[in-house]
Amino acid sequence: MDDPEELGKLSDQLEDWMTSDRHKTVGDLVETFGPSSFAVLFVVLMAFPALPIPTGGVSHVLEAVAMLLALELVIGRREVWIPERWANRELKGLSSTKFQQALLRRIRWLERFSRPRFSRLLELRLARAGIGLVVFGLCLTAFLAPPFSGLDTFPSLGVVVLSLGVLLRDLVIAAIGTVIGAVGVLLVVFLGRAILDLF
């Protein structure tokens, strides 16, 4: 999805962007990280529902944007396209110091332990499409999770870890993210059904 050499160290790049005076919009994120920065967008968009921090009701919008990006990967796009209405939407939660610290702390932890593993496989066209399908499925699961249940956390976390694995060129981390997401899907299906039956 992205070339880490062009992105540099992800945590530093994100910190510079989040602490800048720029308007924190989806469009500005695309402009800052380049036209093919799908994985960076997945990390930032899905970190909101993945972290145990109030999202101010924007989770569904972020998940919808992530699903659109995932479909773009599936059909083979290499440049990000976002509808103007979504591109100009400000990600107000990014200005939260609590959110920034939580996200950057977790990214830096992964950066310390990751290393390029089977990175060539992640660059294949079929792999990009497969990642798009997985991300779409996990985002859709998070979108459909019962509201206020917290069940959207695991599918969202799966997307974040999978995308970080791609950015760090580490197939092992990407696979771990996929497993986390799969566990999240099972939780939403079984616990979500129990919650809906209860009400």
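User: Why is Ser 11 called buried?

Analyst: Buried means a relative accessible area under 20%, exposed means over 50%, and partly exposed is in between (1.4 Å probe, protein chains only). Ser 11 has 0% relative accessibility, so it counts as buried. A word on the background: this is a predicted model, where local features need pLDDT of at least 70 and side-chain atom pairs count only at pLDDT 80 or more, while totals for chains, interfaces and linings use all residues. Residues are numbered from 1 along each chain as its sequence is written, and side-chain values use heavy atoms, with hydrogens and water left out.

User: Which residues does Ser 11 contact outside its sequence neighbourhood?

Analyst: Contact means heavy atoms within 4.5 Å. Beyond neighbours within four places in sequence, Ser 11 touches Leu 104, Ile 107, Arg 108 and Glu 111.

User: What makes the link between the side chains of Ser 11 and Glu 111 a polar contact?

Analyst: A polar contact is a pair of N or O atoms within 3.5 Å; within protein, one must be able to donate a hydrogen and the other to accept it, and residues adjacent in sequence count only if both atoms are side-chain atoms. The side chains of Ser 11 and Glu 111 are joined at 2.7 Å, which is within that limit. The side chain of Ser 11 also makes a polar contact with that of Arg 108, at 3.4 Å.

User: Why is the pair of Phe 48 and Phe 99 called stacked?

Analyst: The structure holds two aromatic pairs. Rings of Phe, Tyr and Trp (its six-membered ring) pair if their centres lie within 6.5 Å; planes under 30 degrees apart count as stacked, over 60 as edge-to-face and the rest as tilted. For Phe 48 and Phe 99 the centres are 4.5 Å apart and the planes are at 20°, so the pair is stacked. Phe 48 lies in helix 4 (residues 38-50) and Phe 99 in helix 7 (residues 97-113), so the pair ties together parts 51 residues apart in sequence. Both Phe 48 and Phe 99 are buried.

User: What makes the pair of Trp 109 and Phe 113 tilted?

Analyst: The planes of Trp 109 and Phe 113 are at 55°, with 5.0 Å centre to centre, so the angle falls in neither the stacked nor the edge-to-face range and the pair is tilted. Trp 109 and Phe 113 both sit in helix 7, four residues apart, about one turn of the helix.

User: Why is Trp 109 called partly exposed?

Analyst: The relative accessible area of Trp 109 is 47%, which lies between the buried and exposed limits, so Trp 109 is partly exposed.

Notes:
Helix = DSSP H or I, 4+ residues; strand = E, 2+ residues; numbered from the N terminus.
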